[in-house]
Amino acid sequence: MAETRKTAREAAARALFSIQEDGAWSAQAIQRFAGGLERRDAALATALVGGVLQNQAMCDFYLSHYSKLRLKKIQPRILLLLRLAIVQIVWMDRIPDSAAVNESVRLAKLLCHADSRTTGYMNGVLRAISRGKDALPKPNCATKEEFYSLFYSTPRWLTAALIEQMGERETRKLLEANNQPAPTVLRVNQRRADTESVLRELREQGMEAEKHETIPHCLVVKGTGSIADLPCFAEGRVTVQDGASQMSVYALDPKPGSMVLDCCAAPGGKSFFLSERMNHTGTVYSCDIFAHKLKKIQEGAQRLGCSNITTFLQDAAVFRPEWEGKADYVLCDVPCSGLGIIRKKPEIRYKDPRELEQLPEIQRSILNNCSRYVRPGGTLVYSTCTILRRENQEVVDAFLAAHPEYALCAFSLPVCGRCEEGHITLFPHIHGTDGFFVAKFQKMD
């Protein structure tokens, strides 16, 4: 059950503590601590958490200029509360500086049992930043890589990898887009509603809603509060699904009556869309290695009326003999670094890069194994929600080298048109979606 907090700032602080101390995802932490707030306060809590995660390096840069105490000496929770106040002072025009300072000091007493020396320090540093906010120090960096890393609060290793892959100009555009709020996209279930009626309903309920510029049957919404509380969601007329994750389904393009394997299906959005595209005929086998995630898929399928989805507890890297050569379509949306969804999960940027080194090997293993399930003449799609070549193009190249029976084939996507090369990387600053990679193969007869 969601925990109710008195203020948006308190909810944001508790969420930030949970992210730092427990490794919680920001979305889950916000839902837990801001779930009982009024819609406006919940939105503010969400913006505050995102602001801290997106501007952490610059917050610390400003602190280092105004604090006589070295940042490493500041107690971690106090440092988070300082960042929380700085985000409000520097990046949020509508919040009075005095409110930002006073509330952070209050939270230090409430949540950290801070003594008068600590609160006095906080008050002094934050008021100094407030007084000087029209002439704050500017980063003096030797290279674009160093500047981008600091200004956009992106670790140096990731900034360097992106510059090597994309060049400085495109990297700057991407990092800037990563620090913008991610739109909430609702896909209208065409089996239960039409887009126009849902659009009218949401607007009548006081929400901002517009049709998606490029993706059919999708709405971009703001001011919804908890999506799960919307009648159109509870009744299975809409589901939440970013445009990028829909693109792998568009690329696969399954026909009604087919056998489809969704090999890494959780949380189920692609399986639901596959089912709808097939008019709930044929069979969609939705697989995952965690039973509790399969339960969520089953609940979602029931809510949306996806009657042709069957779940399996199955490791995508482990061969299942009875499926060999049987599937018309196979979707491998593999585990990845998630660096394409930084807008939604800004904390992903702070992942230890050493934890990501084994991912290409895992991805190749899954793709190699699941390719065995495709019948001759069938279709295989490989996708990730990352933008790194080593998890995308390099995995595809290795797969093609080892599997001459497969060839890339062209496909079309609503967000970018025809992809003649058989693969594409989507970017927030270019396509208006999450970062995503899609490659389509056909197995020779």
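Take buried to mean under 20% relative accessible area. Tyr62 comes in at 8%, so Tyr62 counts as buried. Keep in mind that this is a predicted model.

So where does this tyrosine sit? Look along helix H4, residues 56–66, and you'll find Tyr62 there. Setting aside the neighbours within four places in sequence, Tyr62 is in contact with Ile86, Val90, Trp91, Leu136 and Pro137. Pro139 is also worth a look: 77 residues separate Tyr62 and Pro139 in sequence, yet their C-alphas are 9.5 Å apart in space.

Now move on to helix H7, which covers residues 116–131. H7 has 16 residues and spans 22 Å from first C-alpha to last, close to the 22 Å expected at 1.5 Å a residue. Its buried residues are Thr119, Tyr121, Met122, Val125, Leu126, Ala128, Ile129 and Ser130. When you read that list, remember that an α-helix has 3.6 residues a turn, so residues three or four places apart point the same way. And what covers the buried residues of H7? The cover includes H4, along with helix H5 (76–91) and helix H6 (97–112).

S1 runs antiparallel to strand S3 (residues 218–222), joined by 4 bridges, and Val185 has Val220 as its bridge partner in S3. S1 also pairs with strand S4 (residues 238–240), again in the antiparallel sense, over 3 bridges.

Notes
Residues are numbered from 1 along each chain as its sequence is written. This is a predicted model: local features need pLDDT of at least 70, side-chain atom pairs count only at pLDDT 80 or more; totals for chains, interfaces and linings use all residues. Side-chain values use heavy atoms; hydrogens and water are left out. Helices (H or I, at least four residues) and strands (E, at least two) are DSSP runs, numbered from the N terminus. Buried means under 20% relative accessible area, exposed over 50%, partly exposed in between (1.4 Å probe, protein chains only). Contact means heavy atoms within 4.5 Å. Two strands pair if DSSP finds at least two bridges between them. The expected span of a helix is 1.5 Å times one less than its number of residues.
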